[in-house]
Amino acid sequence: MVLRTVITSLLPPEQEEITSVSPFQATYMKEGRPTGKFLITFKRRAVSTQTGGGGFWDEKDEASFSPFWDLVRAAVDRIVSNTSGDQALELTCTKTTKDEIVGAFGEGALDDGILKKKKADLEHLLATCGTISSDGSTTSATLQAVACVPPSTPYASTKALSNIILEMGNMCTEIKTQKKMVQISLKFEAVETENHGIPLAPEVTDGSPASMIAQRRLVIPETDLVAELLTINQSSSTSASTSASAATAAETTGEEMVVNAFEVSGKIDYTKLVDKFGSNLISDSLMDKLEALTVGKGRVPRMHRFLRRGMFFSHRDLDTLLRQVEAGAPMYLYTGRGPSSQSMHLGHLIPFLFTKWLQDALDVPLVIQMTDDEKFLFKGHYDDQTGDNLLDFQSLTMENARDIIACGFDYNKTFLFSDLDYVGSMYPNIVRIWKAVTTNTVNGIFGFDGSSNIGKIAFPAIQAAPSFASSFPVVLEADRNSNHLCLIPCAIDQDPYFRMTRDVAHKLVHKQHGLGGKPALIHSKFFPPLQGAEGKMSSSNTNSAIFLTDSPDDIERKIKQHAFSGGRETKKEQQELGADLEVDVSYQWMRFFLEDDDELEKIGQDYGSGSGEYWNTGKVKGRLIEILKELVAEHQERRATITDEEVRKWMAERSIVKNST
């Protein structure tokens, strides 16, 4: 029923004449494992891009359907993630007959299998449920009707639903009938929440199925993106560019904001971004749970400032992971770095500072992936005289590893590895992921096309593999029967890799795994560049970043000359209006690096009101320069003691499990 709600919601009313998603189409479930499928039919003129009529998709190119399936995945993942909270959907049922359905809606409302049955009074259960509206709230007046064949009576709430596993490979098939069509078979498996205790949906008698269907108004955040896909397809000259553009549109929340695995630009609206990606904001209750398992255990004195100030703000399944860890389930942390420059900058430092706190706070092992292979595949080059530069990226791994080690991780609980060195141990899982994920899916998520080298298309599986403890048979002493849960701290632009991972995770673990193999994620906001509090910092523009190798003079010069100010043009205006703290880079950077909450609040009050000690930009920049000089100097001092031999020691394959509790 959740799937049918999503599919019907994503097809706008104006497309009903060219698509067929019957609300009464029976969904048969196999016994034992709750698996099933239902069909979606697209008429030829809906999918053809050759007629000049602004087609929906190209039936000759299965890849052109990928953006639509990405939206399906995002919507399903978001709804399922909400099942444990206040946004769980409540379901009720009523009964009707085949004759009543045909009389009210015509024979097209039922599939052939039901129509051909001789028994005229075949009963169907009609389930109605609230759907998630665009503002994230549950609207009880919003109805969706879905037919079920007895005895498939639904549960009374989606709290009983732990996961929906979608199998989207080999689904696009042309049906040769009198009127040619493209028919999609959506296969799925439902995973129940363990020991949920949810009763079956109650039966209601007030209101006929016809009236309930007539009232439905389906609204979910992903619906608006279908219109964007239509617009993109109308102007697309090739199916490859359609796929890439649609993938970008699916991760864009406005004309000025672009967030995907390879680009972050524009003014970021994080609330909209969470809606589009289908993750969840970190709630106060989740913060309390995390605090109880960390500060409450006496391992750290207080919650990290990144949590206190909302820098890490979004998650996937963090609540479920914490519940299971509290019950004794083993877990580990996984993060990484793509070595693209000799030195890391402050933006690169953010996930590592937070991961270091998580390692201390949860007392768990940590694996850190260095994706030197990825950087060569995406940025490497070949010269007839000198050959390729693959080894340059391997060298950058060693340099960046020094910066990572200097963050203060616990050697006894940390394994740092280069893909070029360690890929052999992960290879069985990489192969399993390759088998489970279609090229069309990867192209749809990441925007690859026929011009992309095959390494780019293959790489997402390599970044996905460390999400499974069995990729570390020695380091984590794990195999496919292990129960380890994985938590990934990362910037939210890396989420597409792990949405893909989560879709196929069940195929890499045993059936009783606590999260169905899915890694949990906790997302950070972007660290803004010096030129303005939009997008994220980049290594390619040295004046947009403070590098961990910068001198004190470099730091002072960059802040004074390049840090965008939210202060006013004149002293009078500043004292009357105060600074715009939202766009002021110096203040935003202090939110990341100034530990003292009281001092940060005072600076914000002074600067925002144009009064007090920090009333102007010069005062605020001066304080930031002091903070950064101290931070970078201490980091450089630690880094200077780390030799090549020390790096190789951290990268040596060894067990880190016995050193964690």
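Helices here are DSSP runs of H or I with at least four residues, strands are runs of E with at least two, and both are numbered from the N terminus. This is a predicted model, in which local features need pLDDT of at least 70, side-chain atom pairs count only at pLDDT 80 or more, and totals for chains, interfaces and linings use all residues. Residues are numbered from 1 along each chain as its sequence is written, and side-chain values use heavy atoms, with hydrogens and water left out.

View 1. Let's start with the overall picture. Of the 661 residues, 55% count as buried, meaning under 20% relative accessible area with a 1.4 Å probe and protein chains only. The accessible surface, from the Shrake-Rupley method with a 1.4 Å probe, comes to about 28200 Å², and carbon and sulfur atoms account for 48% of that. A contact means heavy atoms within 4.5 Å. Among contacts between residues at least 6 apart in sequence, 75% join residues at least 24 apart.

**View 2. Helix α12 and what covers it.** Helix α12 spans residues 318-326, and its buried residues are L318, D319, T320, L321 and L322. Look just past the end of α12 for G328, which takes a positive phi of about 110 degrees.

**View 3. I555, a buried residue of helix α20.** I555 sits in α20, which runs over residues 552-562. Its relative accessible area is 1%. Leaving aside residues up to four places away in sequence, I555 touches I546, D550, L628, K629 and V632. E626 is 71 residues from I555 in sequence, while their C-alpha atoms are 9.5 Å apart in space.

**View 4. Helix α20 against helix α24.** The axes, lines fitted to C-alpha atoms over the stretch in contact with angles from 0 to 180 degrees between N-to-C directions, come within 10 Å and cross at roughly 150 degrees, α24 being residues 617-640. That makes the two helices roughly antiparallel, a term for angles over 145 degrees. On the α20 side, P552, I555, E556, I559 and K560 meet K621, L624, I625, L628, K629 and V632 of α24. By class, this contact has seven nonpolar, no polar and four charged residues; Ala, Val, Leu, Ile, Met, Phe, Trp, Tyr, Cys and Pro count as nonpolar, Asp, Glu, Lys and Arg as charged, and the others, Gly among them, as polar.

Terms used:
Buried means under 20% relative accessible area, exposed over 50%, partly exposed in between (1.4 Å probe, protein chains only). Angles under 35 degrees count as roughly parallel, over 145 as roughly antiparallel, 65 to 115 as roughly perpendicular and the rest as oblique.
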